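Please open the model in a viewer and keep the selection tool at hand. The stops below proceed from the whole chain to single residues.

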Amino acid sequence: MDDENERLEEDFYQFLNLPRDAPQEEITNAYRRLSRIYHPDKHTDPLRKKEAEVLFNKTKRAYEVLSDPHKRAIYDSLGTKGLETEGWEIVQRTKTPQEIREEYELLAQQKEERRLLQRTNPQSSITVNIDATELFSSYEDAYDDEFGPPGDFFPSIVVKGMNFSQSIQAPLTLTDTAYLSGELSTHKGSGSGSVNVSLRRITSPDGWAEVDLGFGNGLSFSAKGFRNLTKRMFTNISGILTTTDEGLSFGFVSTLAHQLDKNTVGYLTYKNSQSSSMSTSIVKETTTYRTQVNFVLGIPHSFISMSYCHKLEKHEGRLRATVKAGTFGAMLEYGLQRKVSQHSSLAVSMTVGVPTGVRLKIKLLRGNQIYAFPIHLCHEVLPSPIFYGTVTPMIAWIIVRRLVVEPYMQQQKVKDIERHRAMHHAQMLARRREAEISIDLMKETFRRNVEDEENKKGLIITKSIYGRWLDLSHRDLGDAITDVTIPLQCLVRDSKLILQEASKCQLPGFYDPCMGEDKSLYVQYSFHGVPHEVTIQDTDPLRIPKQSHRKQL
């Protein structure tokens, strides 16, 4: 029901064509320019006077809000809704704009904290281990009967084991959180399970402590702690006590981390348990890549590993590669993770090593759920399983994306656009009518502006179209575009046109002709008698003339 009552937000800054940090002088000048167009006294026709009054009141309201520091602070924080009720009910008018912003930030933080207290944040994972080694068997039994059982003709693919885990968290207070997790696993006909209950407390802004009690393969009790030692150094310590058939066993892990530079962190970890080790790690992460080097000296195995992850911003994915070698053997792992929808990602990786052989892992991440399918392709390192394990998922993904994912995403996008348009249909019609009236009122100003620019051979907008992302070779897009030549020329000042970095649909004389779709603005203009044209995306800024135009002159 809230969505049905939701209104399209008014952008006062864009209506006045101002940046969000505009000083008072710019706000006043913008108000005066629009007032010359919309003031009712400028029009003698009764119908025009009535229509102009509506737009003048809108201009006046935008000016009153942005020129009042207190109202502007509330509008910047909450929009028009805050101006109507929510803002003034809780803010003292004697407070400074900075105090108002700080108070709203505090209220937003408290609201988020209350929301978190109501969440259980469930997380789950399902892992299915598959043995497909018969697909790439490196030998055949020469003594097998040529006419064996019919079922032996096809290689068998066997599920060797499965693992299910689930966890929830229950915030008790703003500093205390309880966790409940469980796990079930089966492997070759035998199974096991465990249940863990944890309680974590934030002891200070620099640390937390946690205790954990587990039941399943014996009784276990563990304690963990985290602490920031300095601004660049922190430590993490955990200990666990477990009961087994042989008695009690104790494990201890301690990590000391130090930030080496802006993007690099070094880790030193000591582990004392059934397999003890001492390890050193260096991790460097930037906006484009993440690299990590590990050196582990332990019992029974020691190894060194290096990994690199390249972040694919355009495709919202990650390209990974890892090399690992030690006393147990060596392995190479490479893979790709890519976002397939708003809440889902698909990851595929190949592992080639000795003595593990060749393994393919497919992982689907959807929200807080993980579905993993490790597939053992071959016990030995052979070219065929490496080739097919690498190429087959790529071909399968291309086919699935073209035939299933992209049509589904497009269908969902169309449904969302239709739902949004239906919800705001009346408001869209009102804004379209408002834009038409605005353009009609601008015609006299447009005529004077063009004459003035022609006399000094300045900037003249000859054609401008706004709407669905434009293909310059196809202009006939019906209701998906609107002609904005007149309102754009009225924004020209001293042979300059400056548009802010925001959607253009709320500029005077503009409206959104294709809500929910990508839009652009096409401008054909003449500057000092030389014709030019430019097309920008809806939210891009625009400045005419460009510096290159001036250099040409």
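Of the 553 residues in the protein chain, 34% are buried. The model is a predicted one. Colour the chain by secondary structure: it comprises 11 helices and 23 strands. Among contacts between residues at least 6 apart in sequence, 45% join residues at least 24 apart.

**First stop: the nonpolar cores**

Select Leu16, Tyr38, Leu66 and Leu441, which have the most contacts inside the largest nonpolar core, a group of 25 residues. Next, display the helices that each supply at least two residues of this core: H2 (12-15), H3 (24-38), H4 (46-67), H9 (425-455) and H10 (485-490). In soluble globular proteins, nonpolar side chains tend to be buried together.

Centre the view on Tyr38. Which residues does Tyr38 contact, leaving aside its neighbours within four places in sequence? They are Phe15, Ala52, Glu53, Leu55, Phe56, Thr59, Ser438, Leu441, Met442 and Pro508.

**Second stop: Ser438**

One of the contacts of Tyr38 is Ser438, a residue of helix H9. Is Ser438 buried or exposed? Its relative accessibility is 2%, so Ser438 counts as buried, the cut-off being under 20%. Show its side chain, which reaches the backbone nitrogen of Gly509 at 3.5 Å. Beyond its neighbours within four places in sequence, Ser438 is in contact with Tyr38, Leu55, Pro508 and Gly509.

A search of the whole structure finds one cavity of 30 Å³ or more. The largest cavity has a volume of about 120 Å³. To locate its centre, select Lys58, Glu434, Cys505, Leu507 and Phe510, the closest to that point of the 14 lining residues. H4 and H9 each supply at least two residues of the lining, and H9 gives the most, with four. By class, the lining has eight nonpolar, three polar and three charged residues.

Select residues 69-78, which form helix H5; its buried residues are Arg72, Ala73, Ile74 and Tyr75. What caps the N-terminal end of H5? Asp68 does, with a side-chain oxygen 3.2 Å from the backbone nitrogen of Lys71. Just after the helix, Gly79 takes a positive phi of about 80 degrees.

Move to the loop between H9 and strand S18 (459-468), where Gly458 is found. Gly458 has a relative accessible area of 3% and is therefore buried. Select Glu453, Ser495, Ser526, Phe527 and His528 as well: Gly458 touches these residues, not counting those up to four places away in sequence.

**Last stop: Ser222**

Finally, select strand S6 (residues 218-228), in which Ser222 lies. Ser222 is buried, with a relative accessible area of 9%. Leaving aside its neighbours within four places in sequence, Ser222 is in contact with Glu210, Val211, Asp212, Gly239 and Ile240.

Notes:
Residues numbered from 1 in each chain as written. Predicted model: local features only at pLDDT ≥ 70, side-chain atom pairs only at ≥ 80, totals over all residues. Heavy atoms only, no water. Core = buried A, V, L, I, M, F, W, Y, C linked by side-chain atoms within 4.5 Å. Buried < 20%, exposed > 50% of the residue type's maximum accessible area, 1.4 Å probe, protein only. Contact = heavy atoms within 4.5 Å. Polar contact = N/O pair within 3.5 Å; in protein donor to acceptor, adjacent residues only side chain to side chain. 1 Å grid on protein atoms, 1.4 Å probe; cavity = no way out; pocket = protein on both sides within 12 Å on 5 of 7 lines; lining within 4 Å. Points joined across faces, edges and corners; volume = space filled by probe spheres on them. Nonpolar A, V, L, I, M, F, W, Y, C, P; charged D, E, K, R; others polar.
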